[in-house]
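Biologist: Please put the model on screen. I would like to go through its surface and its charged pairs.

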Amino acid sequence: ISMIDARFFDALDDVAREVRGEPELPFGGLQLILCGDLLQLPPVVTDTSVLDLNGQPNFCIDSIAWKHLNPATVLLKQIHRQGEDLQLCKWLGEIRVGRLSPDAATALGERNPFANDDETDAATCVVLRPTNAEADTYNRGQFEALDSAVVTFRGLSWWREDPMATIDASAGTFRPKLPDMVPETLRLKVGTRVMLRMNLPSARGMFNGRCGTVTGFLPYVPV
């Protein structure tokens, strides 16, 4: 919800009132569940004319619709991913509100491999970029710098139009359907850094964002 600006939130309210035929009720009486953290990503705005006097976007909480809606707020306090590291949780909480203590700043600075010229750690850390294009450029440069051989994988997923149809791609009963996050052609090398992009509940410790390094390839065995 933090990425929705005030003008768009007001527009959604207007549409909901009109569609539901309840012009006097916020969002036409529609029940809303709004999830997000207003201290993280700001609204995405491409029209600079809607920015405030400081050149910043207006959050949805600044909208007229939000004031009419007056939603109840539920604050989630239990941290699951770093729950066992209480010190790290404390530091992340300070960063979230923009009030990093001197002790935290010093401790985190000591763990910065780029500042300490630690080439081993620097090669394995996650580097953040503001756009996908910049991230792709960085990843491509790191990939090309590896001197190992390229191994190419081509993926194809299918969904069946007729659940009772036989599994016969040539007969047109299936169509290719790969998720946007998975490239149809994946090029890897030994030494490539990879990141898991979804949670695997059945695999302990395999969660979205978990990183690893390619150490080798197994022979292909048809299923």
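Modeller: Start with Leu-186, which lies in strand β4 (residues 185-188). Strands here are DSSP runs (E, at least two residues) and helices are DSSP runs too (H or I, at least four residues), numbered from the N terminus. This is a predicted model: local features need pLDDT of at least 70, side-chain atom pairs count only at pLDDT 80 or more, and totals for chains, interfaces and linings use all residues. Residues are numbered from 1 along each chain as its sequence is written, and side-chain values use heavy atoms, with hydrogens and water left out.

Biologist: Is Leu-186 buried, partly exposed or exposed?

Modeller: Buried means under 20% relative accessible area, exposed over 50%, partly exposed in between (1.4 Å probe, protein chains only). Leu-186 has 37% relative accessibility, so the class is partly exposed.

Biologist: What accessible area do Phe-153, Leu-186, Val-190 and Phe-217 have together?

Modeller: They form a nonpolar patch on the surface. Patch residues have over 30% relative accessible area and no salt bridge; nonpolar side chains (Val, Leu, Ile, Met, Phe, Trp, Tyr) are joined within 5 Å, like charges within 9 Å. Areas come from the Shrake-Rupley method with a 1.4 Å probe, and for residues only the protein chains shown count as cover.

Biologist: How many salt bridges does the structure hold?

Modeller: Side chains of opposite charge can pair when their charged atoms come close. The criterion is a side-chain nitrogen of Lys or Arg within 4 Å of a carboxyl oxygen of Asp or Glu. The number of salt bridges is 4.

Biologist: How far apart along the helix are Asp-13 and Arg-17?

Modeller: Asp-13 forms a salt bridge with Arg-17, with the closest N and O atoms 3.0 Å apart. Asp-13 is buried at 5%, and Arg-17 is buried at 13%. Both sit in helix α1 (residues 6-20), 4 residues apart, so the separation is about one helical turn.

Biologist: Which residue forms a salt bridge with Arg-96?

Modeller: The closest N and O atoms of this pair are 2.7 Å apart. Arg-96 lies in helix α3 (residues 86-96) and its partner in the loop between α1 and α2 (64-69), so parts 59 residues apart in sequence are tied together. Arg-96 is partly exposed at 37%. The partner, buried at 18%, is Asp-37.

Biologist: Which residue meets Glu-144 in a salt bridge?

Modeller: The N to O distance is 4.0 Å. Glu-144 lies in helix α6 (residues 132-144) and the partner in strand β4, so the pair links parts 43 residues apart in sequence. Glu-144 is partly exposed at 47%. The partner, partly exposed at 41%, is Arg-187.
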